Amino acid sequence: MTGVQGGGTPGARGQGTAGRVALVGGGPGPLDLLTVRALRLLRAADVVIADRLGPAAEIRAELRPDALLVDVGKRPGHHPVPQERISALLVEHALAGRAVVRLKGGDPFVLGRGGEEVLACRAAGIEVEVVPGISSSLAVPQAAGIPVTHRGTSAGVHVVSGHDAAGPHGPSPATLAALADDSVTTVVLMGVRTLPALVAAARAHGVPGERPVAIIENGHTPRQRTTLTTLERAVRAAEEAQVRSPAVIVIGEVARPGLLGAEPPALEEEPAVLGAGVLAGAPVGLPAVPFAPPVAPRAPSVASLAPTVGSADASTLVTGLSATGPGA
């Protein structure tokens, strides 16, 4: 069932006039990673139709008191509001003269079905604007200290949906070629469920088993956790770490521990817990290396660096995030 929050009658100021739609990229989650244009449109919106990912949980305080917030978020295996209905909602509210923001996680045009929503609006004669957002394919690896390109290591990025591995013929030739090229980084979105199929196809295609793999869960949130492993051990590592969506999978040499100079703890030692804005792999007990600007005041603060409870598999390094504040 569609979740609706807010009060008043949205769009009263726009009755009798043509409405408009803005597809807004919400970025990887934190409110302060929205663009200035995105925030301006949200503050002026009559209706906001929001995904589960992105800054939807923080956005209520930024909206007008009479704005309508409609939750159409999807979860793995649970799509309460079909895509066709989402597109219809955009058209219905815009035809009623309302300023509509479709708030999407990441970027609307990076595996976000934004093109389908643009087509639906244009078919109805609705003015539509697309506002770019920071894609999780770039931002989530970055949050874990992983550059998707790095001079002398990777000169290109292949971004693919995990569904690419789930078809009857397995991953596309383009994905297999990217996995086999050690100068290309492959970033997989929505790939937790299909990881075994992707790994099996890659190994059958001759991709080396020692190819580095990083799985970053809940990027840019207090629950962020990174599992560092290799292609041949990735499935077992994900099972042992109980990896869950949302997660971004990075396959390539850029995921090799220590690439940017901070060596991780030895794999036989306990995992490291890293705070937001530090390089993944910084040894426990040593000063963290900042790599991002300070977060906004409303973002959760990091309590400390500390070892996690438990031990790591010899093939896997798991790093997590420890924080205080809302959502910790």
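**Ground rules**

I worked on a predicted model, in which local features need pLDDT of at least 70 and side-chain atom pairs count only at pLDDT 80 or more, while totals for chains, interfaces and linings use all residues. Residues are numbered from 1 along each chain as its sequence is written, and side-chain values use heavy atoms, with hydrogens and water left out.

**Entry: strand β9**

I began with β9 (212-217), taking helices (H or I, at least four residues) and strands (E, at least two) as DSSP runs numbered from the N terminus. I read "buried" as under 20% relative accessible area, "exposed" as over 50% and "partly exposed" as in between, with a 1.4 Å probe and protein chains only. Six of the six residues of β9 are buried, so this strand is largely enclosed by the rest of the structure. I noted that Pro 212, Ala 214 and Ile 216 point one way from β9, whereas Val 213, Ile 215 and Glu 217 point the other way. In a regular strand the side chains alternate between the two faces of the sheet.

For pairing I used the rule that two strands pair if DSSP finds at least two bridges between them. β9 runs antiparallel to β10 and is joined to it by six bridges, with Thr 230 of β10 as the bridge partner of Pro 212. β9 also runs antiparallel to β11, through five bridges, and here I found Ala 214 opposite Val 250.

I then followed the chain into the loop between β9 and β10 (225-230), where Asn 218 lies. Asn 218 is buried at a relative accessible area of 16%, and Gly 219, placed in the loop between β9 and β10 as well, is buried at 9%. Contact here means heavy atoms within 4.5 Å. Not counting residues up to four places away in sequence, Asn 218 touches Arg 223, Gln 224 and Pro 246; with neighbours within four places in sequence left aside, Gly 219 is in contact with Pro 28, Val 140 and Gln 224.

In α4 (residues 136-143) I listed Ser 137, Ala 139, Val 140, Pro 141 and Ala 143 as buried. The buried residues of α4 pack against β7 (156-161), β8 (184-189), β9 and β11 (247-251). Just after α4, I noted a positive phi of about 80 degrees at Gly 145.

In α1 (residues 36-44), the buried residues are Ala 38, Leu 39, Leu 41 and Leu 42. They cover an arc of only 165 degrees around the axis, which puts them on the same side of α1; the arc is that of the directions from the helix axis to the C-beta atoms. Among the elements that cover these buried residues are β2 (20-25), β3 (47-50), β5 and β6 (127-131).

**Entry: salt bridges**

I counted as a salt bridge a side-chain nitrogen of Lys or Arg within 4 Å of a carboxyl oxygen of Asp or Glu, and a search of the whole structure finds 14 of them. Arg 211 forms one with Glu 253, the closest N and O atoms being 3.9 Å apart. Arg 211 lies in the loop between α6 (195-204) and β9, and Glu 253 in the loop between β11 and β12 (272-273), so the pair ties together parts that are 42 residues apart in sequence. Arg 211 is buried, at a relative accessible area of 6%.

The side chains of Asp 66 and Arg 64 meet at 2.9 Å, N to O; Asp 66 is partly exposed at 28%, whereas Arg 64 is buried at 17%. Glu 232 and Arg 233 form another salt bridge, with their closest N and O atoms 3.8 Å apart, and I noted Glu 232 as partly exposed at 47% relative accessibility and Arg 233 as partly exposed at 33%. I also recorded that Asp 51, Arg 102, Lys 104 and Glu 117 are linked in a network of salt bridges.
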